[in-house]
Amino acid sequence: MRRVWSGAAGVLAEAVTELAGAGRWWGRRRVRGRAPEPVVVELRGGAAGDALALMLALAENGGRLPVNHPGEFRGEGFRALSVAELLGKVADWYGIRGMCRRRRPIRFRRFRMMERAYRAWCDPEGGCGAVRVQELQHGCERAAYDERGGLLNELNRLRGHALQEDLKGAAALYTTGAVLAGLTLVPLVEWLVRHLWVHRPARTWLQRKLAAPGPQMMYLALCRVRDEPRETWDQWLTDAFLADIDAYYHLGRRLNRSRLPLLLMPHAEPGTASGALLRHLRHGQVGEPVPRRSCPVVVAHTGAGPGEEVAVVEAVVSGARSGRTVFELPGSEEAEAAGRQLDLSGGGPVATALSGAAVLGLLAAGLVMGPTVAGGLDCGQGVSLRPKLAAEDGQCIGVSDGASADAFLPGLAKVSRGIEKENDRAERTGLYATVALMLPMTPATEPEKRQVANEVKGAYLAQYEANHSRKWGALRPAIRLVLANPGRDYAHWRPVTDTLVAMSRDPGEHLRAVTGFNLSVDSTGLALHSLTAGQGIPVVGGPLTADDLSNEPGEKERERYPGMVRIVPTNTEQATALVRYGRATSAGDSVLVVDGRPGDTYNASLAAAFRKAVTIPTKNRVFTSPGPEEPGDTADQFAQMLPAVCDTGARNIYFAGRPLHLRIFLSAMAQSPCARQNYKVITGSGASTVALQLDGKDWQDLDARDSRNRLKVVVQYAAPGHPDAWRDRGLTGAARAFYAPAGQEMTRLERLNSELGEDMGGAVRWTDSRAMTSHDSVYTAVQEIKKAYRTGSDAVPSLAAVARQGANLYSVNGVAGSTGMICLDNNGSPYNKAVAVVSLDPASRDVRFDALAWPMRKPSTNCEVLTGTSPPL
C-alpha cells in the first residue's frame, strides 16, 4: 500500500512525481526544442535534520526510481569529500553496485573514464609523453569496461544460485531449466545492445567534448587538460555524470515513460562539496557542448532562509507544470495538502507489453531447452570480475574482486560486498597493490562452509585494517583484496595460478602477493611452486604445516619456493611443543593412528613428526580415507582397528588425519571396548575445525565421565592461535613485554569484528583459529608491501622488492599477528612461534584454551633469530 503524504511533504511528493514522471513532461521537453538542465527543487530554511528526514522518506518510497541514499550526505567524513568523490558515491548508488535495491542500474562509463583521468590529474608529476598517454588510455578504457553488466549481472547471479541449490526431481529441474534457458539468451542480446548503442558512444563522447579527430588525439587532449584548475575538472566530471544519465534515457525508455533519476542532497550549503556540486549542476558545460535530452531531478536543502521549518509551497507544482527549472522555497510560507501519493514505481506501456512477451518467450525456450540447461553453471558471467570465473566440476573456479564471490559460496555475499567496497576505495586513491587470498571456496559440507566464511572474513578484516588503521597512517599503497578459488583440494590450481600471474603483470591490477593456502596436499605444493619458483610472486602461507611445504634450512640457492614465507609452525615443531607441554610418557603409553591416503602431505608429515617426537613401540594403526572431506568406509575401518588399539594398553593416541575422520574416530571410540578406559587423543592443527564437525550426540559422547568425574576421552591438539592465548597467561618479564603487541592486535581485531560483524554477514568465530591465520597471512603480506614502498614514489613496489621484505621480518620488523609474534628465519619460516595447546570442551561445546607452548621449550623475549639461522646483515 502506498504511503499517503500530507502537508508540505505532500506538496513536495506531488512535485517530485510530476518532475520525475513521464508523459506530458517528455512532450514539453521535445516541443521546447532545447537541451534541458537539471531541474533543481531548492529547499530553504528549517533544520537540516528535518530536510534529511523528508528526503529519506522520498528515497524509501521511490520504488524502482533511480535515487541515491541521502544518508550518505552527512557526517564528518562527508564534509571532507571532494566533488569527484561525492559524484562517485552517487554513481555507485545509481549504478551496478547499488543495483540490488532497484534492478535498473545506470552505467557510468563516461564518468568513470573522466574519473580515471581526474586521478591522473591529481598526480603532481608526469607530463604527456607517449607512455603517459598510453597509461591514461589503458586506465580510462578499463574504467569504462568495468561498468559493464547491469541487469545481466543480476540475472546471471540468480541463475548461478538456482543451479547451486542442487534441485532434485524431474518437475523442479524442468521448471528451473525453462527459466534458466531464457536467462541464457540474455547475455548475448544485451552484449550486442551494449556494444552497438552504449559502449561505443561512451568512447566517442569525449571525442566530441574535446573536438578530437580520433581516440589517440582524444587521450592526448585529455592529458593536456591537466593544466586546468580543480573547479574546471569538477565541471568536467559533472558533465560526464549528466551525459551518462542522458544516455541511459534512450528512445526506448522515453517511449516507456521511464522516470528520471532523483538526486537528494540534504546538505548543499555554500562551502560544502554538495554546494559546489549543486553549482556545477546548474552551470553550463565545459569543452564542446554535447546536447542532452534528459537530466536528473535534484532536491537540495541549501540551509538559507529565515523559516523555522522546511517549507514547500504550491508554487512547486504549478511551476513544474509551466516548465520552470529552478524553485526557490522561502521559509516564510507554508502549505497544506492532504491525500497525495508518491507513485514512482509503476512500469510504462512498453514495459508492460514486453513483460508479457518475455514470459511467453521464457516458457517457449523452456519447452525446447529446459532439460539441457539445468546441468550448467553460470558463475556470474558478465559481473565486474577481473578476470571472469569458469565452471569446472560443478564449481565456480577463478578470481573475484568481490563483485560475485557469492558464486563461490552464497554465504560470502555480504563480506564480498565489503571487500568490493574496500577495493573501490583503494582504486580511488590512485596507488594500490592487490593481495590474493587463495583457498578452496566451494565446499561441499556445512562445516566447511562455515570455515571458508571465517577465513574470508579474517582476510577482509586485515584489508580493512590496512586501509583504515592508524598504525599505517597515510603509508601507501592502499590494499585491494581478491578471492582466488582453485576448487576443492586445489584440483584446479593451474588456471587460477595462470590468472594470478597475469594479474601480477597487469598495470591495472598490481598483484603483489598471494596468501591463504589452507590445505597441505600435493596440489598445493604444485601451486606454490608455480607462483614462486616459476614467476617470482611473493607468497604468505596460512595454516600450512606440512614440513615439505617449506624451504629447507641451508638450501638458500635451491629453495623449492623462493619468496614464500610461512606464519604457522610445521608439524614437527607443533608435535615437539605438544610433547614437551605434556611431559614425557612411558614407552608403551602411546600409539599412532594415521591416514595412509597418498597425496596428503599433512597426514604423512604429522605422522612422521609424532614418530620423531614420541617413542611409539608398536606399528602404526593405518586407515585409508578417500579424501579430506569424504568419509568412505572409515567408520568400518575404525571399528575393526579399535580393539587392537585397546589391547596395547596405551593411553595416548596420536592421530594423524583430517578433522572429518577424527570425528568419525571419536564416535567409534564411544561405541568400542575402549570406552571402558580413559584416553587422550592428541593431534595437530588440522583439527582446528573439528569443533565445527561435531553435532549434539558427538558432544554428549565426549562428555562421558568415569567414576571420578574425569572425562573418559580428552581431545587435545596444537592450534595456530586462540583468542584467549594472550589474556595474561603466566608470561612474565621480557617475554610478557615481547608478546604484548600480539594481545593488542587480537583486542583490535575483536573490536573491529564487533563493528563490522553485521556488514560481513555475521561476526567471526575466533576459536577455530582459521580467521586468525587468514588475517595474519594477509596482514604479513600487507607489511611486506608497505615496507617495500619508497616514500614519495608514485609507483607500486615491484614483485622483487616485496619478496625481499620477507627476509627482513625479524628483529624490530617482526609482525605482531593475532596468533603471536611472527619472526622469520632465513628460509621464511617462523622462529620459535608460539603454539596454542587447546582441547575440545564438552561443557561449552567449543574449543578451550589450555596453555601456550613453544618448539624450543621456552618463550622468546625478542624477535632475534638464533641458532645460526638469523638473516645476514
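## Close-up views of a predicted model

**View 1. Helix 28 and its cover.** Among the elements covering the buried residues of helix 28 are helix 18 (493-505), strand 11 (511-516), strand 13 (564-566) and helix 27 (770-788). The model is predicted, so to speak of local features takes a pLDDT of at least 70 and side-chain atom pairs count only at pLDDT 80 or more, while totals for chains, interfaces and linings use all residues. Residues are numbered from 1 along each chain as its sequence is written, and side-chain values use heavy atoms, with hydrogens and water left out. Helix 28 itself spans residues 799-806, and its buried residues are Leu799, Ala801, Val802, Gln805 and Gly806. "Buried" is under 20% relative accessible area, "exposed" over 50% and "partly exposed" in between (1.4 Å probe, protein chains only). Helices (H or I, at least four residues) and strands (E, at least two) are DSSP runs numbered from the N terminus. To place this view in the whole: the protein chain has 28 helices and 22 strands, and 58% of its 873 residues count as buried.

**View 2. Leu500 in the largest nonpolar core.** This core holds 81 residues, and the members touching the most others are Met438, Met441, Val456, Leu500, Val514, Phe517 and Leu531. Leaving out residues up to four places away in sequence, Leu500 touches Val399, Ala436, Met438, Ala484, Leu511, Val514, Leu531 and Ile537. A second, separate core has 65 residues, including Leu54, Tyr118, Leu136 and Val286. Here a nonpolar core is a set of buried Ala, Val, Leu, Ile, Met, Phe, Trp, Tyr and Cys residues joined through side-chain atoms within 4.5 Å; contact means heavy atoms within 4.5 Å. In soluble globular proteins, nonpolar side chains tend to be buried together.

View 3. Seven strands line up in the order 7-8-10-9-11-12-13, with mixed pairing (strands pair if DSSP finds at least two bridges between them). The edges belong to strand 7 (390-392) and strand 13; each has a single partner strand, so one side of each is left without a neighbour in the sheet. Strand 9 (residues 432-438) runs parallel to strand 11, and five bridges pair them. Look for Thr434, which stands opposite Leu511 in strand 11.

View 4. Strand 21 (residues 835-841) and strand 22 (residues 846-853) run antiparallel, joined by seven bridges. Val838 has Phe849 as its bridge partner, and Val837 stands opposite Ala851. Four residues lie between the strands, and Arg845 takes a positive phi near 55 degrees.

**View 5. Val713 and its neighbours.** Val713 sits in strand 18 (residues 713-719) and is buried at 17% relative accessible area. Val681 is 32 residues away in sequence, yet the C-alpha atoms of Val713 and Val681 are 7.1 Å apart. Val713 touches Leu666, Met669, Tyr679, Val681 and Leu702, again not counting residues up to four places away in sequence.

View 6. The whole structure has 17 aromatic pairs. Tyr94 and Phe241 make a stacked pair, at 6.2 Å centre to centre and 25 degrees between the planes. Tyr94 is in helix 5 (residues 83-94) and Phe241 in helix 11 (residues 230-248), so the pair ties together parts 147 residues apart in sequence. Rings of Phe, Tyr and Trp (its six-membered ring) pair if their centres lie within 6.5 Å; planes under 30 degrees apart are stacked, over 60 edge-to-face and the rest tilted. Tyr94 is buried at 0% relative accessibility, and Phe241 is buried with a relative accessible area of 0%. Tyr94, Phe108, Phe111 and Phe241 form one aromatic cluster. As for charges, Lys209 lies over the face of Trp236, 5.5 Å from the ring centre, and Arg651 over the face of Tyr679, at 5.8 Å. The test is NZ of Lys or CZ of Arg within 6 Å of the ring centre and within 35 degrees of the ring normal.
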